[in-house]
Amino acid sequence: MTVFAVPSLSGEITASYSVSQQSQTVKGVVVDKSTGEPIIGANVVVKGTTNGVITDFDGNYTLDAPVGSILVISYIGYQSIEVKAVAGVQQIRLGEDTQALEEVVVVGYGVQKKATVTGSVSTVKGSDLKTTGIANITNTFAGKLPGVVATNRSGEPGNDYSDILIRGKGSLNDNSPLIVIDGVANRGGLERLNPSDIESVNVLKDASAAIYGAQAANGVILVTTKRGTSDKPTITYNGSFTLSGNTRTPDLMNAYQCMTWTDEIRKGNGQSPLYENIKGGYLDGTINRNQYGDTDWMDVVFRSVAPQTRHSLSVSGGSEKVKFYVSGDYSYQEPNYRNTSLDFQTGQVRSNIDAQISDNLKIGVDLAARREKRNNSVISTDDIFWEAFMAYPWLYDYYPNGLPGPGLANGNNLAILVAGKETGYNRVNDTFVDSKFSFDLKLPWITEGLSLSGYAAFDYHAREQKQLWDVWDTYDYNAATGEYIKKTTNMNGNNISLRQDHDDNVTKTFHLKLDYQRTFGDHRVGAFVAYEQSKYEGENFYGWRGYYLSNRPDYLDFGADKEKTNGGRGYVTVRQNYFGRLNYAYKDRYMFEFTLRHDGSMNFASNKRWGTFPGLSVGWRMSEEDFIKNNFSFINDLKLRASWGKLGNDRVDAFQYISTYNMQNGAILGEIPNINKGFVPGRVGNPDITWEKVDSKNIAVDGNFWNALLGFTVEYFYQNRTDILTPKQASIPYYTGLTLPDQNIGEVSNQGVELMLSHKNRINDINYFVSGNFTFTKNKIKFFDEAANTPEWQRRTGHSIDSWLMYKTDGIYQSWDEINSTPHMANAQPGDIKYLDIDDNGVINDNDRIRSKYGNVPQIVYGLNMGIEWKGLEFSMLWTGQARAEQMIVPYSYNLDKEFYNNRWISAEETPNSKYPRAFDKDDYENTRWSDFWLYDASFIRLKNVELAYTFPKSFVEKLKIQNLRLVLTGTNLLTFDKVKVQDPESDATSTGQKYPQARTYTFGVNVSF
């Protein structure tokens, strides 16, 4: 019998042999269809089995397989084919998988083929963000997007976002990037997007952002949500349950340690000890437990884990005429506070519908609504942590008889504050409704490739906030009588009060674009011109009343007239833009792109209102040259690209070009004199303020070798920002009384490199990948107005934007002789920090402060992402890190971390090499000054994400009448290696530990499709 192998569309096979239908050794060679070169490491597997081999250095394989069985041949970068096994040597020709080359990325106002993009664009697919168990989408960016500095400062539900910077800081003002969601600029809520809705995230980092002109100076983040398909409807459910804890919880001194510490402070201050005859009772068990407790206030504040849950349901599908994607999402988070009634909830829906009205006309209707409900404490998070570090551990949370203790003052018992049941409430409800109505009309009757498109977008936001300050009961213990004395109090003067705020705003955006895309043989031409305008306006008002008799009814009408107040204001921002882009490519080998945008902003005077922002980029795909193709067959893609652009930033306070007046009480007006509201001069206007401008340059090379066995991108960038709006006040003597307006006088440079390396491969049934990225960025202030008498070593000019101003130290004083022989603080004594006399005038004062080399925004960030998949079983991990970052962390409280107690200075004889000074607290002026003694290296390496997942085989899920079933276990922030220890290295708390910690999470998730 003669058997012929039938090729797939992607490859060819040439073989014709007479064989028998029995198992035997089959042989063959796998070669590149285009070049005939052998393919090393190709997988040859008998379909439906684990029986398989890989080809050798000559592309050959030998396999025991039944004659007539189906062989699956695959290799990274090539399209897989299936052939029948025959007796004899088969030649199998694999065709290149062009999908990667045809892959498109979202750029400003359009999409482009990834292979021909000439700008610097970082891209991550929504499916690659690993969002299971992540409540805030911005916390998935770290380590995934080269050039993006994402720093998570807090894990507090509702306030757990990451600070996002693109290529670090470059301005003395607002450094936040422009957010564009589904083509609409300045849409809020990126951090609260339903992760299941995200199709891709693209970041424009160089002149590619110039198409956004006035708002592009800090880079642009483009988020695209999912849309429908022409397939039958698919229902998908994503659900997860998460346990969230702290990455690092402060370990405060216990009662004995804190009493010892306090008495040592008093001794240093020349005072007699308070607890010398009391603290021993903790050691021998004789302490009066009615009066003295031993409270771990961090244990009172925090439980070990808190629950979070998320549920998302989507339906997508459609036909050639109508496509739809509809989703709903609900998430619930509790803070880690113990016995708390506080929580944060989000509910949202999305509907993206596309309708093909005719062959040439398509319309779209996008609607998204989100409701965020914050059930916060009326006591701010900052105040809670301040009280936690102020409370002495010998104070009780609850006495042995169950009555609540008094706290340090005003009844601020942490157990009551974090529970939130008695203190009142702070309820914040945010409602967002985003809509977009679009059309795309092809105009073939004019010329092929011409189209007209546009949209109208209306984004509405309303915030309702209601804060009730209640009173609560605590008890003081009277040691003389043994009685517990009740106190009814709060932090607001024992006054029950209520405040309500309302704020609503709307952004209206209108966009119209005439587009032309055409290919003439080897020439591809694209161009568009567009007009866009947007208006953001809103108003708010509030009312306050106090002296309520009870916490019910909690309405403004039931408060007293005494001291009642209210107020309100409005705000508006308007922009108008004309812009366009021209693309040209020859054989997709030589690429050219030019953009131009003419922007108008109402933030500037009419004669300074308009700015023009050009961008130019070029690319050369060297891999398309014959000398590469003929001599370096392992090079699949190699591209050199460069760009230059001028970008702008108008994110400054509006109306600075006009002089303002402030309204205040005190004017006597009218025939019958009364005290009325009157106007007094406010800020002096500067009619010459204008755009902050950025000159941006970028050069890069992208490569893909050995069919994705090696992928890389190397980039260098340089940005110089001028006309930064900064105060002139510094160089004007204070005694003149003059308040000058801001002027366009600041200048900052920013430069750096980015590196991305990737490797992916398939060996039999195993798919794996490894990718890493590295970003280095360094800014320098080239000019900043500073007082003439500022010492050279204190000037911000010449240093990074966020450098610390601090004293320089030289260890710890060990003796009075050492103190008396050097310049020192007035009250210095042995055990204190030793400060250096920088100006050499014999006195330690403010002029002896210096600038640090680094700030708390890292100059280096990096990520290492790796994963492996075998027959539906997946394992992946993401490591992230930062370097060249420093954080000022001063122990500034009454109770401190045990780290300071265990390593304190006691005496020159006992602890000459102590790590920290003698016992001190926040009232110690000598040892709590900002200095390099308390400047920590904030570098770290973190196991950011670990995921273990299993996708059940089709044969199994079909029996369940479902399409897909996937189970996931995920952990985030599981390990951190750093030098800080006393708090998380990403925290920006300058007082040790006094901020809600970052979150470590453990999640179980399920994904089901029908």
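This is a predicted model: local features need pLDDT of at least 70, side-chain atom pairs count only at pLDDT 80 or more; totals for chains, interfaces and linings use all residues.
User: How many helices and strands does the chain have, and what makes a run count as one?

Analyst: The chain has ten helices and 51 strands. Both are DSSP runs numbered from the N terminus: a helix is H or I over at least four residues, and a strand is E over at least two.

User: What share of the residues is buried?

Analyst: Buried residues are 52% of the 1010 in the chain. The word means under 20% relative accessible area, exposed means over 50%, and partly exposed is in between (1.4 Å probe, protein chains only).

User: What share of the contacts joins residues 24 or more positions apart?

Analyst: Among contacts with a separation of 6 or more, 69% are of that kind. Contact here means heavy atoms within 4.5 Å.

User: Why is R153 called buried?

Analyst: R153 has 10% relative accessibility, so R153 falls under the 20% cut-off and counts as buried. R153 sits in the loop between β14 (148-152) and β15 (162-166). Leaving out residues up to four places away in sequence, R153 touches several residues, including Y161, D163, E986 and Y996.

User: What does the side chain of R153 reach at 2.8 Å?

Analyst: The side chain of R153 reaches the backbone oxygen of E986.

User: How do you know that the side chains of R641 and E715 are joined by a polar contact?

Analyst: Their distance is 3.1 Å. A polar contact is a pair of N or O atoms within 3.5 Å; within protein, one must be able to donate a hydrogen and the other to accept it, and residues adjacent in sequence count only if both atoms are side-chain atoms. R641 belongs to strand β34 (residues 635-649). R641 is also buried, because its relative accessibility is 5%. Beyond four places in sequence, the residues that R641 touches include V117, N698, D702 and T713.

User: What makes helix α5 mostly covered?

Analyst: Seven of the ten residues of α5 (residues 381-390) are buried. Among them are I384, F385 and F389. The cover over the buried residues of α5 includes α4 (297-301) and α6 (414-419).

User: Is D817 buried or exposed, and how do you know?

Analyst: D817 has a relative accessible area of 64%, which is over 50%, so D817 is exposed. D817 is in helix α8 (residues 816-820). D817 and P830 are 13 residues apart in sequence, and their C-alpha atoms are 9.3 Å apart.

User: Why is T131 called buried?

Analyst: The relative accessible area of T131 is 17%, so the residue is under the 20% cut-off. T131 is in the loop between β13 (121-125) and β14. Beyond its neighbours within four places in sequence, T131 is in contact with I137, T140 and P195.

User: What is noted about phi in D588 and N707?

Analyst: Phi is near 50° in D588, a positive value in a residue other than glycine. N707 is not a glycine either, and its phi is positive at about 55°. Most residues other than glycine have a negative phi, and most peptide bonds are trans. D588 is in the loop between β31 and β32 (590-601), and N707 is in the loop between β37 (692-705) and β38 (710-726).

User: Which kind of peptide bond joins R552 and P553?

Analyst: The bond is cis, with omega at about -5°. P553 lies in the loop between β30 (523-545) and β31 (565-586).

Conventions. Residues are numbered from 1 along each chain as its sequence is written. Side-chain values use heavy atoms; hydrogens and water are left out.
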